[in-house]
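This report walks through one protein model. Please keep the sequence and the 3D view at hand.

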Amino acid sequence: MAYGLTAFGMWGLLPLYWALLATTGPAEVLAHRMLWSLPTALVILAVVGRWGWIPGLLRQPKRLALVAVSTSLITVNWYLFIWAVANDRVIEASLGYFINPLITIAIGVLLLRERLRTAQWAAVGIGLLAVVVMGVAYGRVPWLSLVLSVTFALYGLVKKRTDLDGLEGFSADAALQFLPALGFVILLTARGESSFVAEGAGHTLLLIGSGLATALPLIFFGAAAVRVPLSTVGLMQYIAPSTMFLLGLLAFGEEMPPERWIGFVMVWTALTILTWDVLRQARRSRVALREAGRAAGQRLAESAPTGPPEATAVAGGIPAGADAGGPGGAGSGPGSAARRG
């Protein structure tokens, strides 16, 4: 729980980090985030000694292609999020991560042919209606929220196919991002447009630290995912967009007109239905598992051998009347002493 709360709490507070770099263009911030992610990943891999997965990945072109796709998706997602912070659209970005579970369900239906329960259909329908309401009220489709949610949902889908955990997946993405990021930073420096050393040591350290700010939540998330039920992780994921929403409203002073409130309330209603359905299914699964355990125990008890102790001893591989404490059962050893006592 501590790992999960830390991961989603850090993701929720990331807008504050990118706001400290507001004087730098989103493209340059993204380039440094990608550039410094690889050294961060290499240091962490060296500390934990996790290198064995790399040769296997390099020998599988299909998995490498999937890593390239996931890298492209997360790069777009990162850029749009940094751009949203720089352009005072944190609340709209938070909406994208609120509707991400609904988009994930929709992708499951469209691409994986999954069947939805009634509550899931209701949640997706309400979420879609919320997007329509906000689109009509604003006079435009909330494209930022939709692109953020779709890219992150597809990223999760592709990551599942690559079969890499949090640290491994982050390291693979960082390796593919490194050279393009390095080339862009060198280009900016050659043009005299780089802010890396132009705005003081604090600014330089913030750009370098962007790799660590990216890695730590992923590592904590990976640690949580293998220790707590997925239903619990699913509930905790709302911490991040909720924190972003509060930051946009209270820290950055973004506006919340009535139509935006209506849309958010509809999305929160959909998430409430989805959460209720997840908890209900988890409870049913636990009950079914307990009943199956009881039934298995009863079958084992019924099939256990019955009869006098001598017969049971023979069935266990010990001749009746022999002493387990010594060869031949001559009354020596700890077994004899136990009987005499």
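## Basis and overall make-up

Helices (H or I, at least four residues) and strands (E, at least two) are DSSP runs, numbered from the N terminus. The model is predicted: local features need pLDDT of at least 70, side-chain atom pairs count only at pLDDT 80 or more, and totals for chains, interfaces and linings use all residues. Residues are numbered from 1 along each chain as its sequence is written, and side-chain values use heavy atoms, with hydrogens and water left out.

The protein has 15 helices and zero strands. Of its 341 residues, 40% count as buried (under 20% relative accessible area; exposed is over 50%, partly exposed in between; 1.4 Å probe, protein chains only). Contact means heavy atoms within 4.5 Å. Among contacts between residues at least 6 apart in sequence, 80% join residues at least 24 apart.

Glutamine 120 is found in H7. Glutamine 120 is buried, at a relative accessible area of 12%. Beyond its neighbours within four places in sequence, its contacts are Ile105, Arg115, Leu274 and Asp277.

Leucine 128 is also in H7, which covers residues 118-138. Leucine 128 is exposed, with a relative accessible area of 57%. Between leucine 128 and isoleucine 99 lie 29 residues in sequence and 9.2 Å in space, C-alpha to C-alpha.

## Helix H12

Which residues of H12 are buried? They are Ala240, Pro241, Met244, Phe245, Leu247 and Gly248. They cover an arc of only 160° around the axis, which puts them on the same side of H12. The arc is that of the directions from the helix axis to the C-beta atoms. An α-helix has 3.6 residues a turn, so residues three or four places apart point the same way. Glycine 253 follows H12, with a positive phi near 65°.

## The cavity

A cavity is a set of points on a 1 Å grid over the protein atoms alone where a 1.4 Å probe fits but cannot get out; lining residues have an atom within 4 Å of a point. The structure holds one cavity of 30 Å³ or more.

Helix H5 (90-98) and H7 each supply at least two of the lining residues.

Methods: On a 1 Å grid over the protein atoms alone, a cavity is a set of points where a 1.4 Å probe fits but cannot get out, and a pocket is an open set with protein on both sides within 12 Å along at least five of seven lines; lining residues have an atom within 4 Å of a point. Grid points are joined across faces, edges and corners, and a volume is the space filled by probe spheres set on the points.
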